[in-house]
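Visitor: Could you walk me through a few charged contacts in this model, and then whatever else comes up?

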Amino acid sequence: MDAISLLESATNGSLIGLMYSLVAMGIVLIYKSSSVPNLAQGSMTMLAAYVVLAFANNAGAPIWAAIALAIITMFIIGLAIERVALRRLAGRPIIMILMMTLGLEIFLRAGSMTIWGGTTRPMDLGISDAPLFLGPLLINRAYAFGAVVAIAMFGFFVMFFRTRMGVVLRAISDDYTAAWSVGISVERGVALSWAMSAVVATIAGVLWSSVQGVDQSLAQLLLKGVTVAVLGGLDSIGGALLAGVLLGVVEGIASSVLDPLVGGASRDLVDAAMLILTILIRPHGLFGRHDIERV
């Protein structure tokens, strides 16, 4: 394989990685406020995509209006999940909360299959299929658009965590007891983080659906999101962005080299290997705090 092909794989891989980082951001947002790795983020991404299609196809809303309505709906769903399922487990061992999020993942995936079936449905955002050339490199327009959105989301959260509410969430993340002692409503802060995570899941679901369609396979983005979140540091938004680029580049180059040799499907192998190596070698991730504890 020549250098141009490898560079093209790495470039498109970095754009894909930035889209992975959107899933990871949702995981990081919840971890930053509650120290719980959310294993339901993949299914929330899938559910959000189905909600968008429901507004677009069943209610007849234009796609961008359907996305806006889905964001509001998922915000409410995020609040409801925290209030009904997670708040009842406050003070319980973290493994119970972790299993609850895994149960939510399975429930949402099974529920979507029951309601919408397994047929793949397209989602057209109006992004042109025409090739985009960066010098000699062929770039996927959908990936490029998704990467721009991911960077914009990162910028939004950088600004958000400098606001009063953002500082409150950081205080909750640092010490629950201290936050309670100074009158901070920890429950509301955690609920807000779940709601924002659901909004990020909506954006990620829309972007990935424009690439691969809407079906249950969107829930499998959980592996990508967890790998990126762990690699970057479970409490670092910036780490999620940079780790997404790193994972995407490694995936792109590895698949270009390995797929012809093993017959394909090397991307998931790379993800699993990077996740395992990160936990073994640097469990707090590239940019996470050193006091992060492994579950």
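Visitor: What does Asp 268 form a salt bridge with?

Guide: Asp 268 forms a salt bridge with Lys 224, the closest N and O atoms being 3.3 Å apart, where a salt bridge is a side-chain nitrogen of Lys or Arg within 4 Å of a carboxyl oxygen of Asp or Glu. The pair links distant parts of the chain, with Asp 268 in helix α11 (residues 266–281) and Lys 224 in helix α9, 44 residues apart. This is a predicted model, in which local features need pLDDT of at least 70 and side-chain atom pairs count only at pLDDT 80 or more, while totals for chains, interfaces and linings use all residues. Residues are numbered from 1 along each chain as its sequence is written, and side-chain values use heavy atoms, with hydrogens and water left out.

Visitor: And which residues are joined into one network there?

Guide: Salt bridges that share partners join Lys 224, Glu 251, Arg 267, Asp 268 and Asp 271.

Visitor: Is Lys 224 buried or exposed?

Guide: Lys 224 counts as buried because its relative accessibility is 9%, buried meaning under 20% relative accessible area, exposed over 50% and partly exposed in between (1.4 Å probe, protein chains only). Glu 251, at 0%, is also buried, whereas Asp 268, at 44%, is partly exposed.

Visitor: Switching topic, what is Met 123 in contact with?

Guide: Leaving aside neighbours within four places in sequence, Met 123 is in contact (heavy atoms within 4.5 Å) with residues including Ala 49, Ile 63 and Val 214.

Notes. Helices (H or I, at least four residues) and strands (E, at least two) are DSSP runs, numbered from the N terminus.
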